Amino acid sequence: MSKKVTNQTQEILDLYRSGMTNKTEIARRVFDSNSEVNRGTVRRAITRYEKNRAIYDECEKVGIPIEDVKHYWHKGQHFSINVKGESSEVNLDDFKTELIAEIKSWAPSYKKLKRDKLKDPHCLVFDPADVHIGKLSSAFETGEDYNQQIAVQRVMDGMNGIISRASGYNIDRVIFIAGNDILHIDNPKRQTTAGTPQDTDGMWYDNFVMAKRLLIDVIESLMTIADVHVVFNPSNHDFMSGFMLLQCVEAWFSECDNVTFDNDMKHRKYTVYGKNLIGSTHMDGAKVQDLPLLMAHEASDKWHKCNHRYIYGHHIHHKSSKDYMSVNVETLRSPSGTDSWHHRNGYQHAPKAVEAFIHHPFNGQVARLTHLF
């Protein structure tokens with residue numbers, strides 16, 4: 001712990017023990033700011049103190065810096081107990097709260113775009129599936145190259161191609177389906193969330209920053225067409241980091257009235273456009289044949305109002321489409337390359353593409369748009 005942090009912690013505790021219990025006021029006194037980040041620091045310092053009040057008071061009495069105490073013995077009448085200090089691991093909830101608050105404090109202010117009401121409007125569902133930023137494949141082995149730069153470029157090229165193809169339609173809303181293995185790994189050990197090793201290009205933090213910049217660029221481009229609703233699908237390669245990524249992007253657009261987010265951790269999301277009920281999921285969990293009934297239960301308030309029902313799935317990197325009575329379930333192609341494991345096992349040669357769909361408010365899905373690589 002740095003000397004500066006130690007001094008700040010001591011100052012927090014001095015104010016608290018003097019009788020000041022308002023955490024906002026303590027943050028203002030210590031940091032000259034009562035931001036969420038600083039209030040979080042105050043809250044954690046006080047919580048640690050309350051949980052370990054006796055050891056804090058004893059250290060102060062004998063002149064031992066509390067930050068130097070890693071464990072101690074408690075000797076009672078019947079037991080002698082060795083107590084280890086608290087884990088130094090970061091609490092992810094606290095980290096997320098503070099990170100998002102910090103990003104919001106630097107979020108750019110976007111001027112609200114006023115839209116004219118369109119005749120014969122349509123919705124563009126833009127869905128770059130399974131991008132896997134950070135995946136590495138070598139043409140020497142697999143017959144094709146893929147890396148972080150190619151991943152980003154394919155999404156941008158695909159988006160521009162889709163926008164060009166959609167120019168014949170009057171678009172009054174964009175649904176941008178994000179997540180779905182946007183990142184290839186979920187920890188510094190170059191593994192997925194479940195611990196499966198991966199061939200990777202670049203460091204995990206570089207890929208995170210590249211993905212953040214990519215999503216911001218995509219949303220800003222789509223905003224020029226219509227207001228954008230971003231739908232996040234949690235996925236198996238980046239279950240944690242993908243969520244944090246989309247939280248960061250949402251915070252970036254916190255001052256933008258033309259972008260909305262559906263960013264929670266539900267594995268199946270549902271959005272209404274006119275008489276369309278549009279679902280999306282990564283599809284690494286529930287069985288495909290169960291998705292329509294899950295939609296009926298989970299979106300029951302929307303089900304009877306919409307006679308055109310669709311579920312867009314991902315994960316398998318190839319095209320399929322099947323009607324389950326009134327619900328069409330369609331899986332999307334991926335722009336990502338083939339790595340060593342998939343090449344060795346023969347999971348290769350499906351067309352690589354970024355896809356999108358045009359929905360009419362009353363006639364349902366009227367067009368599929370595909371940008372092939």
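I looked up the crossing of α8 and α9 first: it is right-handed, meaning the near helix is turned clockwise from the far one by less than a right angle. This is a predicted model, so I kept in mind that local features need pLDDT of at least 70, side-chain atom pairs count only at pLDDT 80 or more, and totals for chains, interfaces and linings use all residues. Numbering runs from 1 along each chain as its sequence is written, and side-chain values use heavy atoms, with hydrogens and water left out.

Helix α8 spans residues 204–223 and α9 residues 239–252; helices here are DSSP runs (H or I, at least four residues), numbered from the N terminus. I get an angle of about 45° and axes 10 Å apart, with axes fitted to C-alpha atoms over the stretch in contact and angles running from 0 to 180 degrees between N-to-C directions.

Next, the contact (heavy atoms within 4.5 Å). On the α8 side I find Phe208 and Ile216 among others, and on the α9 side residues including Met244 and Trp252.

Then salt bridges (Lys or Arg side-chain nitrogen within 4 Å of an Asp or Glu carboxyl oxygen): the count is 19. Arg17 pairs with Asp57 at 3.8 Å between the closest N and O atoms. That one links α1 to α4, 40 residues apart.

I also checked Lys269 with Asp262, at 3.9 Å. Lys269 is buried at 2% relative accessible area, and Asp262 is buried at 18% (buried is under 20%, with a 1.4 Å probe and protein chains only).

Notes: Helices (H or I, at least four residues) and strands (E, at least two) are DSSP runs, numbered from the N terminus. Buried means under 20% relative accessible area, exposed over 50%, partly exposed in between (1.4 Å probe, protein chains only).
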